[in-house]
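User: I have a model open and want to go through it with you. Can you start with how the elements are assigned?
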Amino acid sequence: MVSNPSAMATATLAIPLDGLTIAAPQPEMLSQKDVESVTGVPARVFLDTIRAPGFPLPVTKLGKLRLVRREAFVAYLHALASDRAPRRAPAEDERTGVAAVLAAAGLEPARQPRAGRASASSEGAGVAS
């Protein structure tokens, strides 16, 4: 029987570290510093995407830091994933599809040198001195 109802007891509880999971709340704003850990999108792709002409979301600029609302950016990514282009004719060039994917990410295809042109180093390689 406890004679003092306001008395307190203390105890130490030992919990193994692998039994704990600490979950931080998702950030409200995404920057190039944390976008990969939250969405899986690399920082370079994030920056290229938000700088692309026609990017529909507001971007807050703080020095070199670029911020976008997390929920809006994730919704934008879902919209990109669900937008399906109409099926192309089989004879159409494969590069058109690649260019569309790159454009959706705010990127451009790299220009390839034309085949059949010899470089300056290979032209002089066969000349003996």
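Analyst: Helices (H or I, at least four residues) and strands (E, at least two) are DSSP runs, numbered from the N terminus. This is a predicted model, in which local features need pLDDT of at least 70, side-chain atom pairs count only at pLDDT 80 or more, and totals for chains, interfaces and linings use all residues. Residues are numbered from 1 along each chain as its sequence is written, and side-chain values use heavy atoms, with hydrogens and water left out.

User: Where is Arg66?
Analyst: Arg66 sits in strand 3, residues 65-69.

User: Which side chain of opposite charge is nearest to Arg66?
Analyst: That is Asp48, 11 Å away. Arg66 is buried (under 20% relative accessible area; exposed is over 50%, partly exposed in between, with a 1.4 Å probe and protein chains only). Arg66 has no salt bridge, meaning a side-chain nitrogen of Lys or Arg within 4 Å of a carboxyl oxygen of Asp or Glu. For charge, Lys and Arg count as positive and Asp and Glu as negative, while His and the chain ends are not counted.

User: What lies 2.7 Å from a polar atom of its side chain?
Analyst: The backbone oxygen of Gly63 is at that distance from the Arg66 side chain. Beyond its neighbours within four places in sequence, Arg66 is in contact (heavy atoms within 4.5 Å) with residues including Leu30, Phe46, Leu47, Ile50 and Val59.

User: How many salt bridges does a search of the whole structure find?
Analyst: One. Glu28 pairs with Arg69, and the closest N and O atoms are 3.1 Å apart. The two belong to distant parts of the chain, 41 residues apart: Glu28 is in the segment before strand 1 (29-30) and Arg69 is in strand 3.

User: Is Glu28 buried or exposed?
Analyst: Glu28 counts as exposed because its relative accessibility is 56%. Arg69 is partly exposed, with a relative accessible area of 46%.

User: Switching to helix 3. Which residues are buried there?
Analyst: Arg70, Phe73 and Tyr76. They cover an arc of only 125° around the axis, so they lie on the same side of helix 3; the arc is that of the directions from the helix axis to the C-beta atoms. The face turned away from that buried side carries the exposed residues Glu71, His78 and Ser82.

User: And the whole protein, what pattern does it follow?
Analyst: Along the sequence it reads β-α-α-β-β-α-α-α, with five helices and three strands. Buried residues make up 15% of the 129 residues.

Methods. Polar contact = N/O pair within 3.5 Å; in protein donor to acceptor, adjacent residues only side chain to side chain.
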